[in-house]
Amino acid sequence: MLRFVEEIILLLLRDEDGRFVRVPSWSFDYAIAGGVLMDLAMEDRIDTDLENLVLVDDTPLGDDLLDPTLADIAAGEQRDARYWVERTAERAYTIREQALSRLVERGILEREDDRFLWVFRSRRYPAIDGKAEREVKLRIMAVLFSDEIPDPRDIVIICLADACGIFNQLLSRQELSRATERIEQVRKLDLIGQAMSQAIRDIEVSVAASVQPHMY
């Protein structure tokens with residue numbers, strides 16, 4: 001099973017060219033941080049509400065995407081979800097690169113470097129067969145545009161994608177209008193997802209007020 005960070009990456013990769021959709025870099029970083037923390041919650045390593053994030057079990061999972069953050073939480077004082085989202089986001093680039101490498105190693109993506117006159121310009125990650133990428137996107141769209149009861153993992157991804165403004169890029173204006181009520185309905189189904197979403201929203205309000213974000 002893929003980790004939330006890996007599924008978020010697949011959700012954000014464009015089908016046509018293997019590049020990421022354009023979202024503010026800090027939104028991407030917070031989605032990655034939220035994905036790590038939500039996986040730790042799903043693995044019963046932490047619990048969180050709107051006030052505190054609590055360590056439940058500090059036993060390592062043997063997963064290099066999650067264990068550094070788990071060790072950080074175990075070594076520190078009790079803090080709220082916002083603190084740990086911000087702290088984990090400091091490692092977002094490293095986590096993203098690790099997740100991309102794992103998707104390449106599993107044969108889900110391939111890595112292609114674009115060069116001009118032997119100078120490296122950019123990197124893209126086209127899907128090799130597209131199955132995993134399509135599965136993530138189809139699952140999320142099926143939840144947004146139906147009344148079916150969502151899987152807990154899909155609730156988490158929808159909470160993170162909504163909090164980080166990802167749906168603004170994935171959906172047309174008309175689709176987003178149709179899905180808005182459903183997104184709000186799904187967000188209320190998971191208390192940890194609500195806490196993580198609120199933490200990310202609070203951070204983004206602060207960031208947006210102080211900086212002009214660059215885009216991926």
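The legends below describe close-up views of a predicted model.

**View 1. Packing of helix α2 against helix α7.** Helix α2 spans residues 25-42 and helix α7 spans residues 152-163. The two pack at an angle of about 155°, and their axes lie 10 Å apart. With that angle above the cut-off, α2 and α7 are therefore roughly antiparallel to each other. The crossing of α2 past α7 is right-handed.

**View 2. Residues at the contact of α2 with α7.** On the α2 side, the contact is made by Ala31, Gly34, Gly35, Met38, Asp39 and Met42. Helix α7 contributes Pro152, Arg153, Val156 and Leu160. By residue class, the contact of α2 with α7 comprises six nonpolar, two polar and two charged residues.

**View 3. The buried side of helix α4.** Helix α4 is formed by residues 81-89. Its residues Ala81, Trp84, Val85, Thr88 and Ala89 are buried. Around the axis these residues cover an arc of only 135°, so they lie on the same side of α4.

View 4. Glu7 is part of helix α1, residues 4-12. Buried means under 20% relative accessible area. Glu7 has a relative accessibility of 5% and therefore counts as buried. When neighbours within four places in sequence are left aside, Glu7 is in contact with Leu2, Val136, Arg139, Arg153 and Ile157. Of these, Arg153 also belongs to the α7 side of the contact with α2.

Note on methods: Residues are numbered from 1 along each chain as its sequence is written. This is a predicted model: local features need pLDDT of at least 70, side-chain atom pairs count only at pLDDT 80 or more; totals for chains, interfaces and linings use all residues. Side-chain values use heavy atoms; hydrogens and water are left out. Axes are lines fitted to C-alpha atoms, for helices over the stretch in contact, and angles run from 0 to 180 degrees between N-to-C directions. Helices (H or I, at least four residues) and strands (E, at least two) are DSSP runs, numbered from the N terminus. Angles under 35 degrees count as roughly parallel, over 145 as roughly antiparallel, 65 to 115 as roughly perpendicular and the rest as oblique. A crossing is left-handed if the near helix is turned anticlockwise from the far one by less than a right angle, and right-handed if clockwise. Contact means heavy atoms within 4.5 Å. Ala, Val, Leu, Ile, Met, Phe, Trp, Tyr, Cys and Pro count as nonpolar, Asp, Glu, Lys and Arg as charged, and the others, Gly among them, as polar. Buried means under 20% relative accessible area, exposed over 50%, partly exposed in between (1.4 Å probe, protein chains only). The arc is that of the directions from the helix axis to the C-beta atoms.
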